[in-house]
Amino acid sequence: MIKVFLPYKTRKIFNLPVEVDAEGNNLRNLIEFLDKKYPGLKQELVDEDKLIPTISAVIDGRTTKLGLIQKLDNVSEIHFLPSIAGG
Amino acid sequence: MTQNNVRKVAINTNINGQEMDILVDPYVSLLETLREVVGMTGTKEGCNDGNCGACTVNIDGRIVDSCLVLGVEAEGKNIETVEGMATPEGLHPLQQAFLEEAALQCGICTPGFLVSAKALLDNEPKPSEDRIRHWLAGNLCRCTGYDKIVKAVKKASD
Amino acid sequence: MVSKSKKSDYKVIGTRPIRHDGYDKVTGRAQYGADIKLPGMIYGAVLRSPHAHAKIKKIDISVAEKMKGVFAVMTAKDLPRLSDKQRGNSEESGSEKHLSENVMAMDKVLYKGHVVAAISAKDVNTAREAVKKIVVDYEVLKPVINVDQAMKKGAPILHEDFVGDHLGKKVKNTNVATFNKYTTGNTDEGFRKAHLIIEKEVELQTVHQGYIEPHNGTAIWDEDDRVKIWTSTQGSFANRDSVSKVLNLDVSRVKVTPLEIGGGFGGKIPVYLEPIAAVLSKKSRRPVQLVMSRTDVFDASGPAPGGKVIVKIGVDKDGKMLAGYADIRLEAGGYPEAFIEAAAKCVFSCYDIPAMEIEAYDVLVNKPSSAPYRAPGSPQVAFATETVVDEICRKLNMDLIDFRLLNVAEKGTRTALGPKYRKIGLKQVLEAAKKSDHWQSNLEKNPKSGKLRGRGIASGYWFNIGEKSAVNLSLNMDGTVILTEGSTDIGGSRASIAMQAAEVLGVKAESVRPSVVDTDSIGHTDVTGGSRTTYATGYAAYKAAHMLIDEITNKAAKIWDLSEDEIIYSDGVISSKTDSELRMTLREFADKNPFGPVVSSASVDLEEAAGGFGTHIVDLEIDPETGKTDVIRYTVLQDVGKAIHPAYVEGQLQGGATQGIGWALNEEYFMSDQGTMLNSSYLDYRMPIALDLPMIETILVEVPSEDHPFGVRGVGETPICPPVPAISNAVNDAIGSRILSTPIKASKILNKLKSM
Amino acid sequence: MHPFDYYDPKTVDEAVEILKKFGDKAKCLAGGTDVLVQTRGERYELDAIVDIKKIPELTSLEWTEDYLVFGAATPCYVLYEDPKVCEAFPGIIDSASLIGGIQIQSRASLGGNLCNASPSADGICSLIVHEAECVIAGPNGVREIPVEDMCVGPGKNALSNGEFLVSIKIPLKNSTFSASYERFIPRNEMDIAVAAVASSISLENGKVASCRIALAAVGPTPIFAEEASKMLIGKEPTEENIKNASSKAKEIATPISDMRGTVEHRKDLIEVLTRRTLSKAVERVGV
């Protein structure tokens, strides 16, 4: 099981705790898993079969660049966050 | 009165030791004259109202903001810009010191600082830190915090 | 690919060579955006709105277009209408529609200085005179110029058509573009258990990046619908992306040639003039150049958000932090994006707090659309947090550094947004601060001069983004190396990138010749921003250098008819493991090599790296009769990971600190009720001058980043975060009272002194 | 900017002719540090700029029996690099050496500062407390007026059509006289006075024989604070007396609040700066 931390607003919409458990061998499947458990959750994270541009997935402290095809071998936690730029 | 009633003025001036005859609109600044007429773009425009010093040039031994001088006022004057600092023998000691001390980051204010600092060292070969800061007060730099610029001027004066 | 090499092993890294582009910059030869002159080039000028908030009813160009010397007139009708589609690139967020409307207003102007039309003419003065003859019929609306006005019930709405996102709820008719929330742990419990709770609200006025070079743009629209742009930008590819979106062209039809850039600090990421120059060029069939005036730069180019921040922290009796709460309200300007996520990420970033709750509002106001400014969002929140921390220490009577060390964030600490830190160096920075000569020295609080003196300390943080970079290398016949890259060089990055290649190749920094090339000549490279350039483009240079060595080994093996694993490459010398006779320098090899040019090409797309933390110490002196404040000593400490070129790292720290000092003491957008910036000149905006500052001492702490082979961390942005709270804390130390709104100017200080 | 022509007359009469011809469509150019910025800022639409620096009287500096007379276009540096002027008029030097930065001081003149008639001008108050006089040339010949009558409103001077300022006369004083000028600015240079004060004083056997206090940036024009000045005359320059004159000066100040400062701050500053400049002047007399 992987601990998943969803954005506050997503948690609020689906009325979820800070952490939820999920599984999947890659990010796409993990999100599908969540969508089955919480129907409609997928559209909060995915658009046109891609992570929503303003969302980034941080996997054990590292932001993935691969998006939905990111493999998830022995991963313990995933955070979905707004992506941020700098000056 | 419309634009075309105002005629360009022919002036004779000396820029970095080179005498030249140029035609300028009577209402344009020396800064614009240097950049657009003479084609020397080393002198920069930062504010066009005398508050940043990026356009500093030396006229007959005095530094001025070239945005606050008319091009026509260059008649009969000796003007030195950053392009005139290095010689066939190499860089001016200030230019060398700026490089060695990393006294520039983006570099847009650098020509103005160099021309100002040269005038200081021409008048006062061994200025104190406070004197350097006072003399350079008319030149804005947004990148360096002035620290390395002051050090470079000191180094060039040693 | 993390190298095991220790500091002592480095031959190039950590030295201070003269930057490769330095000679051009001290001789006036370097070409900046406004320096380029193309054959047959004409000049443009724009008409800007005199109103901060108005509907455009009618634009009459009939007189202007007939004027002598005028080539073309342009309005927003000449731009394609774009959708609300959000742009993917995290560097320039927001919708395509807003991107376009910020370049030129369609139906509504949202800030004073908003562009409504443009003209090309034979010279600048003719263009500026002609622009005045354009007649615009406005329906003037009431502006909102700060977060309180904008969020008030019944406030004038900037975007009637815009839908705000409030915790996922779609909300119409609001000036709050986004309301977001972040929570970890149980804050209610944390505050309930707290022995002491301190809450402070700070207010910040809008400030500007203040780069000395005004924005500029030069363009040719070719007959085959290819657009060539020359400009001063922090990102030629980001610029190409924005220009192509605004003009609705494929990116392949736009070529951006980055010229030298006279400062940016984040403010030269957005596009302003380039698409206008392109359209005017198409209409005039000539190259067109536009340059902003200084007033235009203040009125209409991205400032840093002002706003209000509330921070509340609860601690137990030993000073251990139990809970933190923050309410962040920042001004986006006319279009969304006030960097509230970054602000949320930074607000508690220096501390290990078990429970945190952050509410953040991205608020639309009638000011220029805000742009990144060195660690966007972080200085604003650092002001609040570091004020609270200072107050807690005084209440608990704890040492200002010991308290920070007790609560310091370290590797494994969970951050406010959730993920845990990787290896970071704040602890080492604070320990160095404690040992520093400045902190050890004691400050004569009441000198004979009658002045009041105070000392302040504050910490700050900025993460550093990764993103995409590409580097090409090619070996010259003389054994030197050409390096081409796409990162525009604002402060010495050519050198810091070339040095990383030189280190790998074992040659002198001077032997690697870097040049920044146009968007047709290198792989996609993201902006020089987010403290990423030396980190990410440097990483690409590191990879490319290793690939070049493989090329060299491969070809050398062929020359000597050996297998590759029999070849040793070390410090620019190629030799054989087996036959000591076989040995050639890079130069000899390059000269001999019959197997074709030796080139390599590498790219990276890096994740965000563990960021940089800094702590600043300031001593200042206040004239109790006038309120005048002078900084008399200043020390910057920062974890820089690994300083590739220490002189330019120090320069970043000194420059960032100085901008922060200006932000703290004098700089502000002084606005009229009608939304006009009244001090839109250098004279009245009052940036620090040489005489306002002491030498800025720097102490580089090196805790190598795990994410880069040489341990590089971004260093450019962190140094602007601590100055405002450090100075505010020092003022409190001097006069015994806090001023929690910027700028902390003389009149406010004198008022405090009189009221005490 | 409306295009204008450039004229560089060699004599006063020539200049008067041109100025008369163009009326308010012409402006004099000395250092240009104000007039060029204002013209670009479209404060006025000029057809002619009249460069007066080529008229000998405008840049000459001479000592007569009773006066120091210097041309209205004499750049600041000429004054502060002249040891004799520094010795005789430290108060004037206070002003001349802090207008703008070095670049500005190469061009800017006290005459230009005076004609520009800015309420916050750094040069005018010092001239007022030295009882300086303006020598004005015009269609009807030459006239002289006291400096304090030169400014009639913000940016408005007393010159009428065809007139221009030729030179400034500062009456010579004996060693019992001195003066001082101090301004408050948030930065340490390159700034406009938030408030400023010039004070002059002359002492006779320990008592104040004459005193003039002038205030800048606290009214529509630089203000000659006559009442405050009078308060000291005949008295010893004690801390107490100076304090009283200073609070009177504060009363006289009628500032506004703007981006550069608040009414309250400006009034407070006037009191402080009056005290400081008076004390400095007394110190400079050295008794």
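Predicted model: local features only at pLDDT ≥ 70, side-chain atom pairs only at ≥ 80, totals over all residues.
Residues are numbered from 1 along each chain as its sequence is written, and chains are lettered from A and ligands numbered from 1 in the order in which they are written.

Okay, let's start in chain C. Strand S24 (residues 567–570) and strand S25 (residues 573–576) of chain C run antiparallel, joined by four bridges. If you want a pair to click on, C:Ile567 has C:Ser576 as its bridge partner in S25(C). The hairpin leaves two residues between the strands, and C:Asp571 there has a positive phi near 45 degrees.

Then S25(C) carries on to strand S26 (residues 583–585) of chain C, again antiparallel, with three bridges. Here C:Val573 is the residue opposite C:Thr585. The hairpin from S25(C) to S26(C) goes through six residues.

Back to C:Asp571 for a second, in the loop between S24 and S25 of chain C. Is C:Asp571 buried or exposed? On burial, the rule counts other C-beta atoms within 10 Å of a residue's own, placed from the backbone: 20 or more is buried, 12 or fewer is exposed, and in between is partly exposed. C:Asp571 has 10 C-beta neighbours inside 10 Å, so it counts as exposed. Now, which residue is 66 away from C:Asp571 in sequence but 6.4 Å away in space, C-alpha to C-alpha? That's C:Leu505.

And that brings us to helix H15 of chain C, residues 493–505. H15(C) has 13 residues and reaches 18 Å from its first C-alpha to its last, close to the expected 18 Å; the expectation is 1.5 Å times one less than the number of residues. All the way along, 13 of the 13 residues of H15(C) are buried, so this helix is largely enclosed by the rest of the structure.

Next, how the chains meet. I'm calling two residues in contact if their C-beta atoms, placed from the backbone, lie within 7 Å. Four pairs of chains are in contact, and chains B and C share the most contacts. The B and C contact takes 43 residues from chain B and 44 residues from chain C. On the chain B side, helices H2 (93–100), H3 (110–123), H4 (129–135) and H5 (147–157) each supply at least two residues. H2(B) gives the most, with four residues. For residue classes, Ala, Val, Leu, Ile, Met, Phe, Trp, Tyr, Cys and Pro are nonpolar, Asp, Glu, Lys and Arg are charged, and the others, Gly among them, are polar. By that scheme, the side of chain B that touches chain C has 21 nonpolar, 14 polar and eight charged residues.

Chain A touches chain C too, with 22 residues from chain A and 36 residues from chain C. Helix H1 (8–14), strand S6 (62–63) and strand S7 (77–82) of chain A each put in at least two residues, and the largest share, five residues, is from H1(A). What about the pairs that don't touch? Chains A and B have no contact, with their closest C-alpha atoms 14 Å apart, and for chains A and D, also without contact, the closest C-alpha atoms are 27 Å apart.

Last stop, chain D. It has twelve helices and 14 strands. The radius of gyration, over C-alpha atoms with a globule rule of 2.2 Å times the number of residues to the power 0.38, is 19 Å for chain D, close to the 19 Å the rule gives for 287 residues, so chain D is as compact as a globular protein of that length. Of those 287 residues, 57% count as buried.

Chain D divides into domain 1 (5–171) and domain 2 (177–285), with bounds from an automatic or database domain assignment. Their centres, over C-alpha atoms, are 24 Å apart. The contact between them takes 22 residues from domain 1 of chain D and 26 residues from domain 2 of chain D.

Methods
Pairing = 2+ DSSP bridges.
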